[in-house]
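Please examine the sequence and the three-dimensional structure shown below. The paragraphs that follow lead through selected parts of the chain, one after another.

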Amino acid sequence: MNIASANKSWSSQNDFAKGVILILIGAACFSTKAIFVKLSLHHGIDGITALMFRMLFALPYYLGVLIFSPALKIQHLKNAPWGKLLGIGLVGYYLASLFDFLGLQYIQANLERLIVFVYPTLVLVLGAIIFKRVITKNQLIAVGITYSGILIACMSQDFELTGKGVGLGIFYVFLSALAYAFYLVYSDGLIKQMGTIAFNCLSMLISTFAVLVHFGILYGFKLTGYDWQVYMYGALMGLIATIIPTLALTKGISLIGSSNAAILSTFGPV
């Protein structure tokens, strides 16, 4: 009995450690997005176009998983809670990304990172309000430490706060943080219900479809005529800032929960 308990405890600790590593990898990869967006904007495109190329280059992977993955069985599609999944997909990687990309048109990438990382606190608050989750003392201490670290890391940075549209950019990025917090809070239960692969694949396909429709309405699916760097940064965003981190984050949440994942994601600004 003691051996079984010890093995269970060791397995639990091992899973938690794996979850921590995955969330840190995801946070690091996600943070490259702001840099790639700012680089893309130098080539005469707007935030929506940059977002479209990000999702377009990631699309083949999620379609491939949907079609060929042996882990994604037909019952996952039949039994999927489509209403919740649709809402999560639209909020998480459509609205959150859209607001973030719009904000980056007006503010620096380092300032965007500082603002967007209010979302761990929003996750704790929303989790407590919506699902009555208890905010633990350790989580409060962790939030305090991480915000202190972010402020120290950013103290040496020069933020442009007086330029045209800076206030609007800050507002957009805060909306992005709020949307992403809702995504994390509600994803917890859906990941447990559907499994990591099914949730990640279906939610990202919904987000991608929404982004492509948005872009098509504005620009009529104009996919040619851009500088070659636009396509390169789009491909890098698709792989490094989308596919890798969404996989890492989804699996990490399944192992340690959304609240802990949100706190650890504050590694991103560094």
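Two residues are said to be in contact when heavy atoms of theirs lie within 4.5 Å. The structure examined here is a predicted model.

Which residues does Asn200 touch, leaving aside its neighbours within four places in sequence? The residues in contact with Asn200 are Tyr62, Thr246, Leu247 and Thr250. With Thr250 there is also a polar contact, formed between the two side chains at 3.3 Å. Is Asn200 buried or exposed? Asn200 has a relative accessibility of 3%, and buried means under 20%, so Asn200 counts as buried.

The next topic is the salt bridges. The count for this model comes to 2. One of them joins Asp100 to Lys33, and the closest N and O atoms of this pair are 2.7 Å apart. Asp100 is buried, since its relative accessible area is 0%. Lys33 also counts as buried, at 9% relative accessibility.

A further salt bridge is formed by Arg133 and Asp188, with 3.6 Å between the closest N and O atoms. This pair, too, links distant parts of the chain, the two residues being 55 residues apart. Arg133 is situated in the loop between α6 (119–131) and α7 (137–154), whereas Asp188 is part of helix α8 (residues 166–194). Asp188, by contrast, is buried, with a relative accessible area of 9%.

Finally, attention may turn to the surface. Which residues form a nonpolar patch there? The patch consists of Ile21, Ile25, Leu239 and Ile244, which together have about 330 Å² of accessible area. The elements that give two or more residues to this patch are α1 (2–41) and α10 (228–256). Ile244 is found in helix α10.

Definitions and conventions: Residues numbered from 1 in each chain as written. Predicted model: local features only at pLDDT ≥ 70, side-chain atom pairs only at ≥ 80, totals over all residues. Heavy atoms only, no water. Patch = residues over 30% accessible without salt bridge, like charges linked within 9 Å, V, L, I, M, F, W, Y side chains within 5 Å. Areas by Shrake-Rupley, 256 points an atom, 1.4 Å probe, with all protein chains shown as cover. Salt bridge = Lys/Arg side-chain N within 4 Å of Asp/Glu carboxyl O. Helix = DSSP H or I, 4+ residues; strand = E, 2+ residues; numbered from the N terminus. Buried < 20%, exposed > 50% of the residue type's maximum accessible area, 1.4 Å probe, protein only. Polar contact = N/O pair within 3.5 Å; in protein donor to acceptor, adjacent residues only side chain to side chain.
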